[in-house]
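My notes follow in the order in which I looked things up.

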Amino acid sequence: MAAFLQFTFSGLTVGAVYALVAVGFTLIYNASDVVNFAQGEFVMLGGMVTIFLGYAGIPVPLAAVFAVFITTMVGLALYRFGIAPARDASAVTLIIITIGASIFLRGIAEIIFDKRFHSLPALFGSDPIRIGGASILPQTVIVLASALLIVCLLWAFIGRTLYGKAVVATSSNRMAATLVGINTRTIVGACFAISAAIGAIAGVLVTPITLTSYNVGTLLALKGFAAIMLGGIGSAMGAVVGGVLLGLFEAFAAGYLSASYKDAVAFVVILAVLFAMPQGLFGKRMVERV
Amino acid sequence: MLTRTDRFRRLQRHRLFPLIPLVAVIVVLPLLFPSAYYFRVAALVFIFAIAALGLNLLMGFAGQVSLGHAGFMGVGAYAVAIGPSQLNIAPLFSFVLGAAFSALLAFAVGRPILRLRGHYLAVATLGFGVLLTIVFTNEAKWTGGPDGMAVQQLAVVNWTLRRVSTWYWVLAASFLVSAVIALNLIDSPTGRALRAIHDSERAARVLGVDVAQKKLAVFVISAVYASVAGSFFALINGYITPDVSGFLRSIELVAMVVLGGMGSVVGSLIGSAVLVILPQALTIFHDYEHAILGLTLMAVMIFLRRGIVPSLSAALSGSHK
Amino acid sequence: MTTLAAENISIAFGGVRALDGVSFEAARGKVFSIIGPNGAGKTTLFNVISGLSMPDDGRVWLGGEDVTVFAPERLARRGLSRTFQNLQIFSHLTALENAMVGRHRHESTGLAADLLHLPKVSRQNRMTREAALNALGRVGLGAMAPQPAGSLAYGDLKRLEIARALATEPTVLLLDEPAAGCNPTETKNIEAMIREIARDGITVVLVEHDMRLVMNVSDRIHVLANGHTLAEGNAAEIRTNPAVIEAYLGTRNAAAEAARAFG
């Protein structure tokens, strides 16, 4: 029972990160039909920039704010220089562009930072809390709570504000949105920026637990993709549920089956979902006009 | 009465015509090589050109996508590594077995995977490639794990392939054979069906093309090409690690295809040449290798989507007007 | 002789009944037209007949055989071919190559032979090229053979799709709005083409909005509205059928409008 709880806690922790990556994916995908492979790099940058600014002498909280800001700028730049110029490119071309961006960011991180693993101090210390024979880090609780908070804020923004409605309009039909006066370029750019910010925040919060290095982005992006496949591409609720479920599957597979094949779980999930239930748990089926 | 120009036109239209300048370059080049190092670089160019050619058949002609193709290179590479050292199978036979196993694997996963399209297909193939890499990394008993394993040299009867200049000729010939097969395929009923599938699967189906079967066929063929390249890679290096099948490798292959030109056989060689030679030539930029790869990929997909060879030939034929 | 028959076809998408109990029979060498206001279900019916959609109910018969569940490629091998309303041209291929793909079901080399370019492949390529050129000639596109299809004019592309379908040597040819977007001259050409195709013994099933074309070329006309059959008959009968007139034009001044529209 204690083992089960332990796996659940670790599953929820990574699941929360996957959920945030997936939410970032979904925001961009809905606004622009782009599957942004560089999403994982936003998480990496959040953690790494905070760490290295910290080494440079800046107090960690301030460094974190700067890191989120810098990553947001990177997200905007990705849209402005990578996506916007590639007008009417096919879905595959766009994915290759974002893969190129992800490799580029990874390459830059390799040079500016280094290749080692780094960490950040936890917010409320590293003494674990014991619940039912299992222990959970306070940082984990913070990650989970923040994930929930971010998703709620996003939901409120999308549903309640005028800008949020503009995002929804742009997602449903870009041409129509342009015709009613919405500046879709600004909206899509904003979505990239928000996604980058969400990714960076996730990176800052989770680094105390999982550590970070220049190349964590790739695997994170793939797992984020597995999460949205599971949850249903285009659905924000699906992104969260998919992310958490994926985290749990991974933790249980690692605990009860084989630790070294932990990373394979995400891919098995991708392939299984694609063959059995391509629209995912909450996805909408698109009807194609002949 | 056929004039000289008519005869040249006829020759120009022959499907193997693009290979003529290629053969000329291949024969002349070694005369300019100052050292063994150049032979080795050229050998590597041919190896990756074979893999890129296979991927080009899948992506450039049939219009599919595979972001995990290096996985098949890995299968070929580990086949020639594991066969002789762990199973006592001769290197040449291991080579063939590797290709056969790749074909089988492609056949098995191809049917379900190729039902997907667009980014679903992209991510499914990516996932497949990463899965293979995870297996190669974890099954250390067979593969030597993340540190890799040594590969015996290729030996046939008494003779061992040792000198790098011999590798040059062997690989040049192999690339030419691969190119001939690819050009044969393109100028055939199957080739036309594949190119049709690229533009409209629906129309191809109503004209009687069994789209699923054709896509599977080109997927298997491209897997065999990658496997052959992977085997050669392992043999020439004498050592392999799991990154031979890794995500970055798969993306490099895609970069070669798009850079050289989707749908251009010669383009596969050009793309491979650029991506193999440039990092060697700019060793001062070695640390920036990944950053440059990423930037190149983005730039090509945004500005030069058709790739070098098709853009060049379009520019050249345009200037004849 | 009935070459193509649809029996009680029904299909629904989500909550919408796109087709409801539609039946018809098309005879050899005759032009059978399906008309109706937008949204009547004409293209859906074509998709069902050509194997791209499965009906919820009903059957499709081709040459006496039940082909309801057949996939498009299987139907093509039985001699059914079609064109598309929104043009599905192979734009990266030349006009000639487009028509050559139409010969696919008559080509008999295999994958291995193709990879090795055995002599029979050269022979096959030659035969295919000739037959394709013939098909292009039949629609008047012979001169355009070497042009990349993507560079051809819209009217030429409509004819190219027909040539491609003809290259399959069909017994039944489904034409989905072949005159859509064409000017009067192009439309007249298409009209002549359709008559010639029918004269060659091919069963032509036509979906079309251009009423003059339909009236001039059809042996029988089937009217669809909201997924049901409204009427079926020859041109004269349909032209004067009050239910048809009402479906298209509403009831006010119907007779006057009908006279103007149908000439």
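Helices (H or I, at least four residues) and strands (E, at least two) are DSSP runs, numbered from the N terminus. I noted that this is a predicted model, in which local features need pLDDT of at least 70 and side-chain atom pairs count only at pLDDT 80 or more, while totals for chains, interfaces and linings use all residues. Residues are numbered from 1 along each chain as its sequence is written, and chains are lettered from A and ligands numbered from 1 in the order in which they are written.

Entry: the sheet of chain C.
I found an open sheet of six strands in chain C, in the order β6-β7-β8-β3-β9-β10, with mixed pairing. At its edges are β6 (80–82) and β10 (228–233) of chain C, each of which pairs on one side only. From one strand to the next the twist averages 20°; for angles, axes are lines fitted to C-alpha atoms, for helices over the stretch in contact, and the values run from 0 to 180 degrees between N-to-C directions.

Entry: strand β3 of chain C.
I looked up its partners. Strand β3(C) (residues 31–35) pairs with β9(C) (residues 220–225) in the parallel sense over four bridges. Here F32(C) stands opposite R220(C), and I34(C) stands opposite H222(C). Four bridges also join β3(C) to β8(C), and these two run parallel; V31(C) stands opposite V204(C) there. Is β3(C) mostly covered or mostly open? It is mostly covered, with five of its five residues buried. I took buried to mean that 20 or more other C-beta atoms lie within 10 Å of the residue's own, with exposed at 12 or fewer, partly exposed in between, and C-beta atoms placed from the backbone. V31(C), S33(C) and I35(C) point one way from β3(C), and F32(C) and I34(C) the other way.

Entry: strand β8 of chain C.
I saw that β7(C) and β8(C) pair in the parallel sense over five bridges, with L174(C) opposite V205(C). Five of the five residues of β8(C) are buried, so this strand is largely enclosed by the rest of the structure. T203(C), V205(C) and V207(C) are buried on one side, V204(C) and L206(C) on the other.

Entry: helices on the sheet.
Helix α1(C) (residues 42–49) lies across β3, β6, β7 (172–176), β8 (203–207) and β9 of chain C and runs at about 150° to β7(C). Helix α7(C) (residues 184–199) packs on the sheet and touches β3, β7 and β8 of chain C. The direction of α7(C) makes about 150° with that of β8(C). For contact I used C-beta atoms, placed from the backbone, that lie within 7 Å.

Entry: two helices of chain B.
I checked α3(B) (residues 36–61) against α11(B) (residues 211–237): their axes come within 7 Å and cross at roughly 165°. The two are therefore roughly antiparallel to each other; angles under 35 degrees count as roughly parallel, over 145 as roughly antiparallel, 65 to 115 as roughly perpendicular and the rest as oblique. The contact includes A43(B) and I47(B) of α3(B) and V218(B) and F219(B) of α11(B).

Entry: chain A against chain B.
I read that this contact takes 33 residues from chain A and 29 residues from chain B. On the chain A side, α4(A) gives the largest share, 16 residues.

How values were computed: Two residues are in contact if their C-beta atoms, placed from the backbone, lie within 7 Å. Two strands pair if DSSP finds at least two bridges between them.
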